[in-house]
Amino acid sequence: RWSSSADAPLAASPASFLLPFLQQRRSVSILSSLSDNPTAYSRRIRRGRGPSSGKGKTSGRGHKGQKQHGKVPRGFQGGQTPLEVVKGKRGFTNKYGPALGPETRDS
């Protein structure tokens with residue numbers, strides 16, 4: 001216990017440490033002076049420019065195989081008939097299925 005108020009530690013008031021932040025002033029024309037941070041954008045990756053570039057030699061393609069040696073169309077499945085062709089993009093209409101329609105409710 002503190003015997004007197006003189007021995008008690010001084011507590012800093014919240015306003016004293018917030019004072020520098022509360023006194024900040026901004027100019028009216030801040031929008032006209034905005035610009036990007038110079039380090040905001042990274043440089044384009046240059047592939048195949050030697051081992052020290054980090055993307056040299058195979059240039060991120062891996063070793064051997066069709067996708068490494070040339071271009072392969074998107075969705076190509078090695079000569080197998082693509083599932084999109086077999087099954088269709090949006091399915092099919094089942095002519096033997098139940099006829100679905102708006103529900104009728106007795107209320």
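Predicted model: local features only at pLDDT ≥ 70, side-chain atom pairs only at ≥ 80, totals over all residues.
Local features are drawn from residues with pLDDT of at least 70 and side-chain atom pairs from pLDDT 80 or more, while totals for chains, interfaces and linings use all residues. Numbering starts from 1 along each chain as its sequence is written, and side-chain values use heavy atoms, with hydrogens and water left out.

**The whole chain**

Begin with everything shown as a cartoon. The chain has three helices and zero strands, and from the N terminus the order of elements is α-α-α. Helices (H or I, at least four residues) and strands (E, at least two) are DSSP runs, numbered from the N terminus.

The accessible surface of the chain is about 11400 Å², and 53% of it belongs to carbon and sulfur atoms. Such areas come from the Shrake-Rupley method with a 1.4 Å probe, and for residues only the protein chains shown count as cover. Of the 107 residues in the chain, 2% are buried. Buried means under 20% relative accessible area, exposed means over 50%, and partly exposed lies in between (1.4 Å probe, protein chains only).

**Helix α1**

Select residues 14–22, which are helix α1; Leu22 is found there. Then pick Phe17, Leu18, Phe21 and Leu22: they form a nonpolar patch on the surface, with about 450 Å² of accessible area together. Patches are made of residues with over 30% relative accessible area and no salt bridge; nonpolar side chains (Val, Leu, Ile, Met, Phe, Trp, Tyr) are joined within 5 Å, like charges within 9 Å. A salt bridge is a side-chain nitrogen of Lys or Arg within 4 Å of a carboxyl oxygen of Asp or Glu. Leu22 has a relative accessible area of 59%, so it counts as exposed.

**The arginine patch**

Next select Arg43, Arg44, Arg46 and Arg49, which gather in a patch of positive charge on the surface. Lys and Arg count as positive and Asp and Glu as negative, with His and the chain ends not counted. The place of a charge is NZ of Lys, CZ of Arg, CG of Asp or CD of Glu.

Arg43 lies in the loop between α1 and α2 (66–69) and is exposed, at 74% relative accessibility. Arg46 lies in the loop between α1 and α2 too, but is partly exposed at 45%. Leaving aside neighbours within four places in sequence, Arg46 is in contact (heavy atoms within 4.5 Å) with Ser53 and Lys55.

Most residues other than glycine have a negative phi. Select Lys57, in the loop between α1 and α2: its phi is positive, about 50°. Lys57 is exposed, with 75% relative accessible area. Its C-alpha is 8.5 Å from that of Arg47, 10 residues away along the chain.

Finish at Ser59, found in the loop between α1 and α2. Phi of Ser59 is also positive, near 60°. Is Ser59 buried or exposed? Ser59 is buried, because its relative accessibility is 17%.
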